[in-house]
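Biologist: Before we discuss strands and pockets, could you put the model on screen and take me through it step by step?

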Amino acid sequence: MQARILHLGPELLVLDKPAGLPVSARQGETLETWLPALSLGKKRVPQPAHRLDTDTAGCLVLGRTAPMLARLNALFAARQVGKAYWAVVRGGPAGESGVVEAPLAKTSSAARGWRMQVDAKGDPARSLWRVLGRGAGLTWLELVPETGRTHQLRVHCAHLGCPILGDGMYGADGERGEAGGLHLLARSLTLPLDPAQHFEAPVPAHMQAAIKACGTAVG
């Protein structure tokens with residue numbers, strides 16, 4: 001996990017979280033399992049200032065001191081952190097950029113378990129999207145969530161008619177096995193500290209072929 005550190009400072013750490021690793025869970029291996037190994041000389045174990053879905057890879061910020069963790073928590077709560085995601089979706093939206101404004105609510109059933117869905121009575125949710133490339137039946141998007149609802153980008157892409165590649169919950173049945181994992185990356189974070197700090201995560205191996213199919217090979 002230490003090899004996945006993108007930035008190590010005296011007060012904060014930025015990690016390239018691997019897809020498939022939950023930040024926390026009731027059982028099994030989680031990021032919490034690895035936090036002591038990320039102390040790196042400090043008595044205090046670093047703590048994540050926000051969350052990423054289990055199947056989402058990319059930038060995760062951890063506070064290494066109590067004051068910085070409190071500051072980061074406040075910045076995320078106030079939506080002052082700049083966040084951009086990369087996704088490869090099946091099909092693609094019309095046009096080159098746009099906005100999805102679709103409120104989200106949690107639903108559950110015995111047959112399907114819990115999930116998020118677009119619901120007029122749900123919490124407001126807004127996402128910006130921009131096309132970065134197109135390929136045969138695929139589109140590479142930059143996504144900027146202006147709100148932070150659970151599974152927001154996954155549901156909003158499906159709502160646009162172009163679910164994220166590898167999304168077994170909001171995409172096609174059996175999608176995960178076919179595509180090799182969820183093609184969603186927390187590509188960058190910008191923290192409004194003094195001075196401002198910007199971080200980027202590399203494209204994970206399971207997304208590289210699809211992005212290349214959309215016209216670009218990136219790292």
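Modeller: Two strands count as paired if DSSP finds at least two bridges between them, and I use the word in that sense below; please keep in mind that this is a predicted model.

Biologist: Which residue of S12 stands opposite Leu189?

Modeller: Strand S11 (residues 184–191) and strand S12 (residues 197–200) pair in the antiparallel sense, with four bridges between them. A hairpin of five residues joins S11 to S12. Within this pairing, the residue of S12 that stands opposite Leu189 is Phe199.

Biologist: Over how many bridges do S5 and S11 pair?

Modeller: Leu189 of S11 also has Lys83 standing opposite. The pairing of S5 with S11 runs in the antiparallel sense, and the number of bridges is five.

Biologist: In which sense do S4 and S11 pair, parallel or antiparallel?

Modeller: Ala57 stands opposite Leu185 in S11, while the bridge partner of Gly58 in S11 is Ala186. S4 and S11 pair over two bridges, and the sense is parallel.

Biologist: How many residues of the lining of the largest pocket are charged?

Modeller: The largest pocket has a volume of about 860 Å³, and of the 32 residues that line it, the closest to its centre are Arg51, Leu52, Asp53, Gly148 and Arg149. Helix H2 (66–77), strand S5 (82–90), strand S10 (138–145) and helix H3 (152–159) each give two or more residues to this lining. By class, the lining has 14 nonpolar and 10 polar residues, and the number of charged ones is eight.

Biologist: About how much space lies in the second largest pocket?

Modeller: Residues that line the second largest pocket include His7, Glu11, Met68, Arg71, Asp194 and Gln197. The lining divides into five nonpolar, three polar and three charged residues, and the space in the second largest pocket is about 150 Å³.

How values were computed. Residues are numbered from 1 along each chain as its sequence is written. This is a predicted model: local features need pLDDT of at least 70, side-chain atom pairs count only at pLDDT 80 or more; totals for chains, interfaces and linings use all residues. Side-chain values use heavy atoms; hydrogens and water are left out. On a 1 Å grid over the protein atoms alone, a cavity is a set of points where a 1.4 Å probe fits but cannot get out, and a pocket is an open set with protein on both sides within 12 Å along at least five of seven lines; lining residues have an atom within 4 Å of a point. Grid points are joined across faces, edges and corners, and a volume is the space filled by probe spheres set on the points. Ala, Val, Leu, Ile, Met, Phe, Trp, Tyr, Cys and Pro count as nonpolar, Asp, Glu, Lys and Arg as charged, and the others, Gly among them, as polar.
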